[in-house]
Amino acid sequence: MTKTKFLTLIGIVLILLTAFTVYWFYFSKPEPFLTNEQMVKEMNRFSPGTDASIIQDTVYFDEQHVYVPFVSVDNKYGFSFWEWQHHKWQAVFISTNGDMRIWKINSKDPSTYHLVWNFPSLDQVSYMKLYLIKKRGYHITGDIHYYEPGVQMEKKIVFSENLSGSMQIPNEWISVIQSLNNISANQFDLFSNLLNYRRDIYFGWNAYDKLDKITSLGGSSNGSSRYGDLDVDYVMFIDESELEYP
């Protein structure tokens, strides 16, 4: 074998090896998820002080994203998000309070938005309502008057034994968000108006007792959270005075 052929062969082998390594590292199929014991160990390593103890559930949002609510040693209710990254399951978000959050797995695709919560059980709580809201708006630019209609969509969740759960946002909400996002920029006089328009869209929630009165599910001041560059937002508690009724 000549030196040229030998070097060519080495080059081909290196290219194939690199391609295999990239595929294995970034694109391989996820392996089975971790055991409860492995999850607890990884959460406590990822965020020291979490003191996770009991895994309540394991919920797949898709093949590579998992939601895991848990209870800590000192009886705090929290949750964690997991991703299949770099050929292993990794904790990417941990919260030691179970306040309502929304995980936008792909911020550009509302069909990947998931609401999550994990509250301690309270006997007086009967159900909660989730909201997609956009406040109506009005402004004038030059001689042109702009009116922006409001949006208020509602989803009722009836509690059963516990106050832990998750929900992909409803298809109707997805359609509305996509429609608002697809509004042509030429309907706005300034780019900043478009940005403000999108920021006006938000999610909310509240809870009700058996007498249909809004009730609290506890505060969030004692909790903490840790995550990297995930798109995870708090979901604000909505008082009745903030809602519109026919």
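Guide: Start with a definition: two strands pair if DSSP finds at least two bridges between them. Keep in mind that this is a predicted model. Here, strand 6 (residues 101-104) and strand 16 pair in the antiparallel sense, over three bridges. Within that pairing, Arg101 has Tyr234 of strand 16 as its bridge partner.

Visitor: In what order do the strands of the open sheet lie?

Guide: The general idea first. Strands of a sheet pair through backbone hydrogen bonds, either parallel or antiparallel. In this case four strands form an open sheet, ordered 12-7-6-16, with antiparallel pairing. Strand 12 and strand 16 (232-234) are the edges, each pairing on one side only. On average, neighbouring strands of this sheet are turned by 20 degrees against each other, direction ignored.

Visitor: How many bridges join strand 7 and strand 12?

Guide: Six, in the antiparallel sense; strand 7 spans residues 113-119. Trp117 stands opposite Gly165 of strand 12.

Visitor: Which residues of strand 12 are on its covered face?

Guide: In a regular strand the side chains alternate between the two faces of the sheet. Strand 12 (residues 163-168) has Leu163, Gly165 and Met167 on the covered face. Ser164, Ser166 and Gln168 are on the uncovered one.

Visitor: Is Phe61 buried or exposed?

Guide: Buried means under 20% relative accessible area. Phe61 has 14%, so Phe61 is buried. Phe61 lies in strand 2 (residues 59-62). Leaving aside neighbours within four places in sequence, its contacts include Trp103, His114, Val116 and Ser166.

Terms used. Residues numbered from 1 in each chain as written. Predicted model: local features only at pLDDT ≥ 70, side-chain atom pairs only at ≥ 80, totals over all residues. Heavy atoms only, no water. Helix = DSSP H or I, 4+ residues; strand = E, 2+ residues; numbered from the N terminus. Buried < 20%, exposed > 50% of the residue type's maximum accessible area, 1.4 Å probe, protein only. Contact = heavy atoms within 4.5 Å. Axes fitted to C-alpha atoms, helices over the stretch in contact; angles between N-to-C directions.
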